[in-house]
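Hi there,

Here is the structure I promised to pass on to you. Have a look at it first, and then read on for what I found.

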Amino acid sequence: MTFTSTKEYVGVPRDSVEHFRGEQLVYIAWHQHLLFAAPFMLCVPPQMTFGDLVHGPLTMLIGPDPDAAAVDWDTVVWTKGGKPFSPDPAKSLAENGIDHKSWLRFETAGLNSLCGV
Amino acid sequence: MTTTAANSGTTAKTPTAKSGAPGAKLNMKDRYRVMTRDLGWEPTYQSREAIYPYVEYEGIKVHDWDAWEDPFRLTMDAYWKFQAEKERKFYAIVDAHAQNNGHLHITDGRYLSALKIFLQAISPGEYAAHRGFARAGREFAGVGTQVACQMQAIDEIRHAQTQVHALSNYNKFYDGFHAFADARDRMWYTSVPRSFFDDAMSAGPFEFMIAIGFSFEYVLTNLLFVPFMSGAAYNGDLATVTFGFSAQSDEARHMTLGLECIKFMLEQDPDNLPIVQAWIDKWFWRGFRVLGLVSTMMDYMLPKRVMSWREAWNIYGIENGTALFRDLARYGIKPPKGWDDAEQAIDHMSHQFMLAFHQWNFGTSFHTWVPSDEDMDWLSEKYPTTFDRYYRPRWEHIKKLEAAGTPFKNVGLAQLCQTCQLPCVFTEPGDPTTLCHREVEYKGEHYHFCSDGCQDVFDNEPEKFIQSWLPMPHLFQEDLAGSVPDWMQWVGLINDTDNGEYVGSGDEQNFTAWRRQTTSNS
């Protein structure tokens, strides 16, 4: 049962990719860095390379955290949708399998200035 | 059945029949019967099913609508009299508040932020409840239920009106009050109550009653109104105290109606139990998410605090809730599924919310601030196991960034929960260092949740919740195309006026200057 209704009922998603003008949403969380209250929501083109995403908007966004300068992007550990993930920075988000509303998380072991770990 | 007392067929005991004098007063019991139950009739031109098409599809079985008890036995004519008296008192005090510059008697201008959140998030919910009860009163098949819902519908619109009127006096002097109706529909932090009420109003009449009548009015309302009205009293806000008192006797009636409805369903048929239990689980959790706003107000926004959110939860959540669910256990009802997760979240949620509001305060129609050292010491004392370890370091860092002239603004927008629509600011139960994340794949789309409770709601009704209108993703869709100025205009937020830091705001400057005028000649 997906919905109790008086007749057959089919919902239409409000956030599907065609509403985003050729771009897509990507969610990114920095594990155990909760100065940022929630995972970031970015709206970017699927053709953007993963490297450009990381060194552009993501690096800018994490700047206020005292650990930001110490992040070594070559060694961070990524997951996508909770599963291990090895993105290729030279390839696009689409080529890396990062589709609309994908959820990424990166871990930077040893960097834990503010989180009370 | 007949519709008048004179020929109702059961008039042997009525004073009218005894005295034989038309117009003689009925006693209360007869009066109640005549003015409620006797207003109903058995239809002959149309079938009951055609007149009440929504009473069965939810699966709730009712064998005897007359078993509905009306504990207050209030008739419409008495109701008008009581309410009119309350209105007269209310408006007399609100007028006096306005004429005596009551807005300058509050403890501090920071208190206004709590009022703005209330007006943007809660008062429109009263209006939504009005519409919902009007509908429920039409859709239920029993007269007792219809009359009770009708009264509650009128109560709710009165609450919306008295709140808007009481707070309109503040709108004359301060920023952030002016666009509450647009804020309710469009703002990111008010979409939690909006989606709560939209969800309830698009459900069937019985689920609506559990959502509003039981979960909101019975389980959670004390956590909303008691601390809020005490907070208003502690902080010198006579206008808010007055609408609180004016609503209080109505709330007692609403709570009784909610409890009566749940007992009625459970007593009518044993098959109703699993449906009711699923609704209790769902609506407890949805209501608990709405209360996050209240926790922040209590712990951070009241210059003179009443009690901590934790203390309020211990009294109104644990004590009252435990007693209630012990009472309902004889029907087979268990405490809501999310109860233990809620208990764990209590020591964290206000801090998580206020940190979120502060870093996104460019997008709030109220002001925020970093808590003072004294405030932080109070928070340490009230939250000995969590504040110093998890939250003080973040506030201290934010304070440092502000002192360095590089205040922290999180310009990355937040991921929202598909169900409650709040930013996903909550941590894993048992691990306050890790954000809680749940993800579901449904018909080829990813959906994200802040908690198990919110994911459960989605899993049970995905066709409903894939339609959630989420304010942050909407900013990037066709009409706003990622433009923050356009977004501000659309939500009714005036940049550098309604939003941002309290310190240096127009509200702070005006409040300070006007208050000085009341005590000095400058």
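In chain A, 65% of the contacts between residues at least 6 apart in sequence join residues at least 24 apart; two residues are in contact if their C-beta atoms, placed from the backbone, lie within 7 Å. Please keep in mind that this is a predicted model, in which local features need pLDDT of at least 70 and side-chain atom pairs count only at pLDDT 80 or more, while totals for chains, interfaces and linings use all residues. Residues are numbered from 1 along each chain as its sequence is written, and chains are lettered from A and ligands numbered from 1 in the order in which they are written.

Staying with chain A, there are one helix and five strands, arranged along the sequence as β-β-α-β-β-β. Helices (H or I, at least four residues) and strands (E, at least two) are DSSP runs, numbered from the N terminus. The radius of gyration of chain A is 17 Å, well over the 13 Å that the globule rule gives for 117 residues, so chain A is more spread out than a compact globule. That radius is taken over C-alpha atoms, and the rule is 2.2 Å times the number of residues to the power 0.38. Along the principal axes, the C-alpha trace of chain A spans about 55 × 35 × 25 Å.

Of the 117 residues in chain A, 32% count as buried. A residue is buried if 20 or more other C-beta atoms lie within 10 Å of its own, exposed if 12 or fewer, and partly exposed in between, with C-beta atoms placed from the backbone. In helix H1 (residues 50–62) of chain A, the buried residues are Phe50(A), Leu53(A), Leu58(A) and Ile62(A). They pack against strand E1 (24–30) and strand E2 (40–44) of chain A.

Now for chain B, which has 21 helices and five strands. Its radius of gyration is 25 Å, close to the 24 Å that the globule rule gives for 522 residues, so chain B is as compact as a globular protein of that length. Buried residues make up 47% of its 522 residues. Of the contacts in chain B with a separation of 6 or more, 77% are between residues 24 or more positions apart.

One helix pair to look up is H4 (residues 76–99) and H10 (residues 238–268) of chain B, whose axes lie 9 Å apart at an angle of about 175 degrees. This makes H4(B) roughly antiparallel to H10(B), a label for angles over 145 degrees, where under 35 is roughly parallel, 65 to 115 roughly perpendicular and the rest oblique. Axes are lines fitted to C-alpha atoms, for helices over the stretch in contact, and angles run from 0 to 180 degrees between N-to-C directions. Among the residues of H4(B) that meet H10(B) are Phe90(B) and Ile93(B), and those on the H10(B) side include Leu238(B) and Phe243(B).

Finally, where do the two chains meet? In total, 46 residues of chain B are in contact with 43 residues of chain A. H16(B) gives the most to the side of chain B that touches chain A, with six residues.

Enjoy exploring!
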